[in-house]
Amino acid sequence: MAEYWHIVPEFDSRLQEFRNSNPEADVVLEFEIAEKDFVNSGKGSAEVKNLLKRLGVDPDTLRRIAVASYEAEINVTAHSKGGKMVSSIYDEMIHIAFRDKGPGIGDIDQAMVPGFSTADDLVREMGFGAGLGLPNIKKNSDIMHIVSERGSSTLLEIFIFYS
Amino acid sequence: MNNKDQKYFHALQILADNCTGCTACVRVCPTEAIRIRNRKATIDANRCIDCGNCVEACQFHAIIPRSDGLDIIRNFHYKVAIISSSYAGQFSEDIPYSVAKQALYELGFDEVAEEAMVTDFVIRMIRDYVRQNKHIRPILSSSCPAVVRLIQVKFPSLLPNVLHQEAPMSILTRYIRERIQEEKGLVESDIGIFLIVPCVAHVTAVHQPEGTYKHLQDGAFSMGMIYGKVKEHIKKIQNNPLPIKTYEKGLTWALSGVEADMIDCEDIRALSVNGVENVMEVLSRVEDHYLDQYDYIVLRSCTNGCVGGCLNIENPFVAMSRVKKLIKEASEPDSITEQLTDLYKEGEFKVAPLAPRSIMELDKDIKNAIKKMKQINEFLIMLPGLNCSACGSPTCYALAEDIVQGRASIDDCVVLLKRHAKED
């Protein structure tokens with residue numbers, strides 16, 4: 001099993017705090033992501049975005065969440081056998097978990113290199129698969145966590161704090 | 001036309017006597033600004049963007065576009081009409097465009113100018129702006145007032161992307177006012193400049209412009225309102241037309257697709273989007289940084305652009321075809337591009353940074369907003385999820401929100417009421 005962490009240093013203690021207290025989310029949104037369903041892919045992150053607008057999350061943070069969650073949703077659509085997006089909303093941050101049904105990321109460090117892609121022809125024809133997904137998620141997240149195993153499922157977690 | 005006590009002016013009026021409470025308007029409003037309460041439609045002035053969807057949806061003439069009465073031009077010594085480019089598409093092809101323009105002099109105007117006169121300059125100005133603001137992508141067009149208000153209301157994070165320069169008819173207004181003062185030795189208040197407009201949003205923009213620093217127009221007349229009188233004059237003058245100069249080449253402005261084609265060039269990639277639903281979808285993609293490959297996006301709330309305005313007479317596609325024909329057959333017009341470029345360099349067309357009109361937040365405080373969101377979800381589970389609008393709110397979600405915000409009650413749901421009646 002491989003694991004990858006990206007933590008913006010100032011959020012390290014808040015992550016520890018979160019893991020220790022394991023607070024219950026105020027609002028939870030769940031969204032099923034079907035394999036290669038590009039028609040509906042993006043709807044989950046759009047729903048999250050609209051909800052956060054209603055909560056009055058500031059525009060810059062909102063756009064970072066929108067980009068990271070959209071990219072991650074497209075990733076599950078394009079590269080996995082489908083999965084689930086669970087967005088947990090708290091009053092100071094959002095935690096989004098993408099759990100798919102495989103086939104797992106072979107080499108996470110390689111997948112984090114901008115431009116590296118394993119996308120097949122169908123995905124590229126749809127205009128995706130430029131190899132910028134994971135790097136883009138990293139760029140827009142305060143904390144990013146990947147747990148994966150080749151031949152098994154992948155869990156991608158994103159934490160973004162409102163400013 | 002005054003209701004200055006309200007924060008936001010809207011060029012719409014509800015005639016309560018005509019309103020049947022049918023909810024047709026409620027269902028087509030892109031910002032969910034309309035509710036039926038006590039069997040009558042009400043518009044939330046903070047949410048309305050003046051797109052005109054409700055005017056077109058209402059079959060009972062209960063939502064009426066407002067514009068100024070033509071007699072207000074008599075308050076001015078020198079009267080100028082500026083016609084929207086879509087005007088040219090409203091007449092059958094046996095009526096030459098110059099005759100349709102001449103008819104406006106007959107209405108009492110001393111001068112008739114065309115939005116089309118500034119198209120050449122505006123294309124150059126937009127290209128210059130796009131090149132000078134390379135750090136912002138994409139730049140979003142600002143000439144459609146409904147789109148500007150839509151961004152203020154629903155996409156405030158995109159306000160910095162909006163082209164911060166005056167729209168074509170306002171640019172022309174600035175130029176004409178200055179020119180006439182010089183030429184005729186008149187003071188500013190002697191000159192009345194009026195727009196002939198295809199849509200509600202333009203009437204609103206004349207009465208409550210966004211971000212503008214200058215005195216612009218003195219009134220706006222609806223295309224539909226003056227059409228009858230114009231047709232009468234056309235009949236009279238058709239056999240003895242005067243040689244009147246026209247600017248067909250610039251009529252491209254009436255068509256959102258053609259505008260984008262003209263701005264598109266080697267280093268500027270332009271996209272054209274029209275129809276308010278499409279505009280909202282694309283703005284959401286822009287928010288996700290998914291359309292950053294475009295340098296400029298033309299956004300128009302009406303179908304095909306201004307030819308689709310709800311105050312127009314002709315179908316948007318027929319009008320578009322006519323305008324295209326005029327453009328194709330046109331000769332090179334006189335240009336005022338040079339004079340306008342000088343004014344542009346002096347910063348005459350700048351506008352103030354646009355401010356958001358935040359309607360989306362459930363509460364100023366995020367903790368309270370979350371509380372309300374939870375309550376909304378609790379009500380949502382109780383509601384039937386039919387989105388039938390019979391309660392007067394557009395969707396079950398909107399009703400749940402209205403209940404939480406104290407603007408409605410769960411008893412407003414007709415479906416639940418029926419279910420409960422059966423159980424009793």
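Start by selecting chain A and colouring it by secondary structure: from the N terminus on, its elements run β-α-β-α-α-β-β-α-α-α-β-β. That comes to six helices and six strands, where helices (H or I, at least four residues) and strands (E, at least two) are DSSP runs numbered from the N terminus. Before you click on, know that this is a predicted model: local features need pLDDT of at least 70, side-chain atom pairs count only at pLDDT 80 or more, and totals for chains, interfaces and linings use all residues. Residues are numbered from 1 along each chain as its sequence is written, while chains are lettered from A and ligands numbered from 1 in the order in which they are written.

Next, bring in chain B and look at where the chains touch. The contact (C-beta atoms, placed from the backbone, within 7 Å) takes 14 residues from chain A and 16 residues from chain B. On chain A, select helix H2 (43-55) and helix H3 (59-79), which each supply at least two residues. H3(A) gives the most, with six residues.

Last stop: select residues 366-382 and 396-404 of chain B, which are helices H13 and H14. Their axes (lines fitted to C-alpha atoms over the stretch in contact, with angles from 0 to 180 degrees between N-to-C directions) come within 9 Å and cross at roughly 125°. Show some side chains here: those making the contact include B:Phe379 of H13(B) and B:Tyr397 of H14(B).

Technical notes. Contact = placed C-beta atoms within 7 Å.
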